[in-house]
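Hi,

Here is the structure I promised to pass on.

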Amino acid sequence: MIDANLVKLMEHFGSEDKCRAYMETLRWPEGVVCPRCKSTSTSRVEKRNQYDCNTCRYQFSVTAGTIFNDSHLPLTKWFLAVLLLVESRKGMSANQVKRILGISYKTAWYLCHRIRAAMREVERPMLDGTVEMDETYVGGVQRGHQNKPGHGLSTKQIVIGIRQRGGETRFFHAEDAKSGTLAKYIRENISTDVDVIMTDEFNAYPSAVKETGFAGRHKTIKHKAKIYVDGDIHTNTVENAFSLLKRGIIGTWHRLSAKHLAAYLAEMEFRFNRRKSPYLFQDTLRHMVTASTLTFEKLTCGGKDAAA
Ligand SMILES: [Zn+2]
């Protein structure tokens, strides 16, 4: 998959000019707009790949005010890094990107964080139809000895998954899996006209669905009784999404810390919901070129946060 797209990438975006032209169509689909005064009256300064605003005289390029702004890396490398991150279904570590692009670890880390920050949903419509909900545990290096008091605390983190059959998936890093917490995720993500919510028999769900008014539309599959499918009652769809998530965490993110889990889940969700879409690459680049630098600084903790 990557190989075929890599050839296309080279054809379409093999030069700085081609990359820049593409970014212009993503940033200004209806024509160039001055980032300072929003004027649409601009002139092209051919030599410097810039525009000159006829209203406020601000000179700017397509990367002005975006995350590309302060980067010395060629756009062709940025584009390649985006392709690597969007096409690897399980994600890619900064170390892999470093090796493939032949750049320093620090630069690769910076690139990955900024691209990842763009790989998140801007809008998350409510899910309806048949919705499956489940919780799972990820990470979790057991520290110390379990038989010593105060040691052996699990660092496993709870991930809530909600998936509409034939629709989108949501992942959340939850503090706990108590019914109040589950109810909050139900309320925020499941439409009031949902047909049915499928869960396993985990005892926090009945009160969570009751609290949110879905009690009459809740079906349970009894995993403990080794029943995994009962007619149309199952949670296999959301579990499939979890299994990809876990392979990603194990394979790519050996030392994923709890602090970065939410960002990773957002990235997985973004990619997963677009796994069959031809616009994954384009959507990511568009987010990168339309979100302001400020937003990215916030998302990536100012870039000073040098964890794995
Ligand atoms: Zn202007």
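A quick definition before anything else: I call a residue buried when its relative accessible area is under 20%, exposed when that is over 50%, and partly exposed in between (1.4 Å probe, protein chains only). Bear in mind that this is a predicted model, so to speak of local features I need pLDDT of at least 70, and side-chain atom pairs count only at pLDDT 80 or more, while totals for chains, interfaces and linings use all residues. Residues are numbered from 1 along each chain as its sequence is written, and side-chain values use heavy atoms, with hydrogens and water left out.

Cysteines, to begin with. Cys19 is buried, at a relative accessible area of 0%, and Cys53 is buried as well, also at 0%. There are zero disulfides in the structure, a disulfide being a pair of cysteine sulfur atoms within 2.5 Å.

Next, the strands. Helices (H or I, at least four residues) and strands (E, at least two) are DSSP runs, numbered from the N terminus; two strands pair if DSSP finds at least two bridges between them. Strand β4 (residues 130–139) is mostly covered, with eight of its 10 residues buried. It runs antiparallel to β5 (residues 156–164), joined by nine bridges, and Tyr137 has Ile158 as its bridge partner there. With β7 (residues 196–200) it runs parallel, through three bridges; Thr130 is partnered by Val196.

Now the charged pairs. I count a salt bridge when a side-chain nitrogen of Lys or Arg is within 4 Å of a carboxyl oxygen of Asp or Glu, and the structure holds 15 of them. Here are some to look up:

- Asp17 and Arg20 meet at 3.1 Å, N to O. They sit three residues apart in helix α2 (residues 16–27), so about one helical turn separates them. Asp17 is exposed at 52%, whereas Arg20 is buried at 15%.
- Arg44 and Glu24 have their closest N and O atoms 3.6 Å apart. This pair links distant parts of the chain, 20 residues apart: Arg44 is in strand β1 (residues 42–45) and Glu24 in helix α2. Arg44 is partly exposed at 41%, but Glu24 is buried at 11%.
- Lys184 and Glu188 also form a salt bridge, with closest N and O atoms 3.6 Å apart. Both lie in helix α6 (residues 179–189), four residues apart, about one turn of the helix.

Finally, take a look at Glu121, Arg274, Asp283 and Arg286, which are linked in a network of salt bridges.

Cheers
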